[in-house]
Amino acid sequence: MNVLVCCKIVPDLDRLSESDWLVQDHGQVDTGFVRTMVNPYDESALELTLRLADAAPARMTTLTLGGGQAEPFLKTLRALGFDPTVRIEAQGDWRFCPDGLAALIAAYVQAGHPQDLVVMGRQSADGDNGKTPLLLAEALGWPCITECIGFEAAGPGRLKVTSRVDAGRQIQVVRLPLVLAVGNAAGSTLRVPTLKSRMQAGRQRTEVLEPALGPAIPGFRQDYVLERLTAIRRRRAGRMVTGADGCALAQALYQDGLKQRLENL
Amino acid sequence: MPITREQIVKELIQILGQDQVITDEQVLKLSSVDRFRRYEELNGVFMLPIPAAVAYVLSAEQVSAVLKFANANRINVVPRTGHSATEGGLETLAENSIVLDGSRMNRIVKLDPCNMLATCQCGVPLQALEDAARELGLTTGHSPQSKPLAQMGGLVATRSIGQFSTLYGGIEDMVVGLEAVFPNGTCSRIKNVPRRAAGPDIRHVVIGNEGALCFITEVTVKLFKYQPENNVYLGYTLEHMGTGFEILREVMVDGFRPSVARLYDPEDGAYHFSHFADGKCVLIFMAEGPKGITEATARAIQEIVAHHPECRQVETRIIQNWFENLNWGPDKVAEERAEILATKNIGNTTEISANWDVINQIYENACARIRAEIPDLTLVGGHSSHSYLNGTNLYFVHYYNLVDIKPEEEIIKYHRPIKKIVVEETHKLGGTMCHHHGVGKHRSEWIKDEYGSSYYMLDTLKQAFDPNGIMNIGTIIPMP
């Protein structure tokens, strides 16, 4: 099975304090000084793909869009068995261009890199569009399952996919090819390669490609303007619980706070 | 006839009252370990004797009463405050131990801006003391990574050190006076004076005792003026650790005291700095204090670094942002727990120190041996974070995948063998095996190698203050 996992390297926005959220002269919030990471939903996509490959043979490719800051992460992915690791060297701000991104990925798949399965996180931490997997599926003419939280091989050309739906979980056995948008998959932190596997993968290199669609990429635009930033204040009323001793305090907390919540669950 | 568990609990309730004596099974299990055995704890495995009770004390008098009772009945007592220890110092190795917890003694007694002193009970969280000091435009200058969790008694007992130590010193430089209770119930107070030469400095009997000699009930530490507006951050990438150590040495020998002076190797650096320093060492400085001093310190560092052409300066904001996200609060601890369970990958640290002429060799020797002898490694590296006139520390960082083991085998297959290598390589070249985490239980087997002929002094202290051997058995000095 050929599996393509698309991942994005994003700034770790949790490391920004409120005072760092400033619109700079170039009309952007500067996050260039912040540590980067694999987009968390993409990280789940990578780990779930590794679990698929643990159980059934799969050729795993990873694809990212961006500059050299992705290299340390791609090294790690090579050490975990992703081969090839592909980086499309596309300039500009792609955060809000899901249609352009989908077009680039579709062009990669259709230009001699056939896949049975394309997996990615449902949205990125900085763009937050939530559209790329669906637009990609449309471009490829494939079905797409969203809010995926697990998948495993189910015989030749078939995949058993678990996804989260309003009422609970849905398990489907589907025919490939397919696009999966990975949602909140608990316990899917990316595994860690050993030093030995890093050394063994040390000679491999990232395949760096120019965008297959040339400079005029459909849906790519940079004319949006950041007008203002508004902090979202999330405050809840609180009060001090009083009591004569530990038992009284626990009772007060239970009666006044927890009991109603537990009954509502 | 040895006293029973039930009798211990009954007597503790008699002394302290029902509310201060906890016998809940889960609490007792969690109280038998500290972060050293966190993989076992995460998996609900508790291999050590479960204590008889956790006894919360509210005063030095209560501590005295409990210790007198324990001493008379040969009951092991493990002093505790913040429960953030990392080396097994809080493990209960004896049957039916009492965990004596001072975290409810959490009053800041006095902040004295005239004399620049802060007095607080042992259970005051350092973060709380620091926040109170900052309201007065002051700081304790003490900032270990555990600041959001650690409490003053434990910080003094472990001889802790913080991120700004190169300027402010370790806890031993900050403690002015203290109060401690000894196993025979004697409560001793050392008064707060700037300096004295009235015999040996007995504060150092208490500072670093790790609960093996006494229970610390109150501490007075220095306060410093808080001047963050003058902070200057400097960062550099470079190729070689040897160059980095040499730069640190020059900064210290030339007389400059940045509050932060850190050197990361590429492996440890990759975890923190891959966004700008992939495959490189990283040097970080922060100058702190009055404006003239911070400017002069920063200028001097830049001049020293300029003599080493392999160094490339890094944007200041990158360093500042990294630094602001360094400390470990409950959120990061919780995140770490989830990651360990999900990835079956865990990391630990071993901190040592040595003189300048051997530190790089210790680093290279230890890393080479760890890589050669320990399986399933995912990261071996280290950084220096506390420098002195005559040397520096080294914080070995080692992560590994947990392969085909039961939870209780983690320390046998990986952690203790790594510590053994680091201790051996450090001792071979005359360094110390413990820079600031304390000996705990898991480096005590090498304590005689550590002390050499001066072990006589350590042993005599233990015999003098704890002749019945009730204080935290197995800590610093191994169990007989």
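User: Which domains does the domain assignment give for chain B?

Analyst: In this predicted model, the assignment divides chain B into domain 1 (5-103), domain 2 (108-225), domain 3 (228-324) and domain 4 (330-462).

User: How many residues are in contact between domain 1 and domain 4 of chain B?

Analyst: On the domain 1 side of chain B there are 15 residues in contact with 15 residues of domain 4 of chain B, and by class the domain 1 side has 7 nonpolar, 4 polar and 4 charged residues. The centres of these two domains, taken over C-alpha atoms, are separated by 26 Å.

User: And chain A, what does its domain assignment give?

Analyst: For chain A the assignment gives domain 1 (2-209) and domain 2 (238-265), whose C-alpha centres lie 44 Å apart. The chain has 6 helices and 11 strands, and its C-alpha trace spans about 75 × 55 × 40 Å along the principal axes.

User: What share of chain A counts as buried?

Analyst: Of its 265 residues, 35% count as buried. As for contacts in chain A between residues at least 6 apart in sequence, 72% of them join residues at least 24 apart.

User: How many residues of chain A are in contact with chain B?

Analyst: In chain A, 18 residues are in contact with 23 residues of chain B, and the chain A side is made up of 6 nonpolar, 7 polar and 5 charged residues.

User: Switching to packing, which residues have the most contacts inside the largest nonpolar core?

Analyst: That core has 126 residues, and those with the most contacts inside it are Ala55(B), Val66(B), Ile98(B), Leu100(B), Val156(B) and Ile216(B). Its largest share, 7 residues, comes from β14(B). Another core lies apart from it, with 56 residues, among them Val5(A), Val118(A), Ile145(A) and Leu180(A).

User: What is Ile98(B) in contact with, leaving aside its neighbours within four places in sequence?

Analyst: With those neighbours left aside, the contacts of Ile98(B) include Ile8(B), Leu12(B), Pro51(B), Ala55(B), Val66(B) and Val77(B).

User: Which residues of helix α13 of chain B are buried, and why do they end up on one side?

Analyst: The buried residues of α13(B), which runs over residues 316-324, are Ile318(B), Ile319(B), Asn321(B) and Trp322(B). They sit on the same side of α13(B) because they cover an arc of only 165° around the axis. What covers them includes β12 (232-238), α11 (266-273), β14 (281-287) and β15 (312-314) of chain B.

User: What about Asn96(B), buried or exposed?

Analyst: Asn96(B) counts as buried, with 21 C-beta neighbours inside 10 Å, and it has a positive phi of about 55° although it is not a glycine. Asp404(B) also has a positive phi, near 50°, but Asp404(B) is exposed, with 7 other C-beta atoms within 10 Å.

Key: Residues numbered from 1 in each chain as written. Chains lettered and ligands numbered in written order. Predicted model: local features only at pLDDT ≥ 70, side-chain atom pairs only at ≥ 80, totals over all residues. Buried ≥ 20, exposed ≤ 12 C-beta atoms within 10 Å, placed from the backbone. Helix = DSSP H or I, 4+ residues; strand = E, 2+ residues; numbered from the N terminus. Arc of directions from axis to C-beta. Contact = placed C-beta atoms within 7 Å. Nonpolar A, V, L, I, M, F, W, Y, C, P; charged D, E, K, R; others polar. Core = buried A, V, L, I, M, F, W, Y, C linked by C-beta atoms within 7 Å. Domains from an automatic or database assignment.
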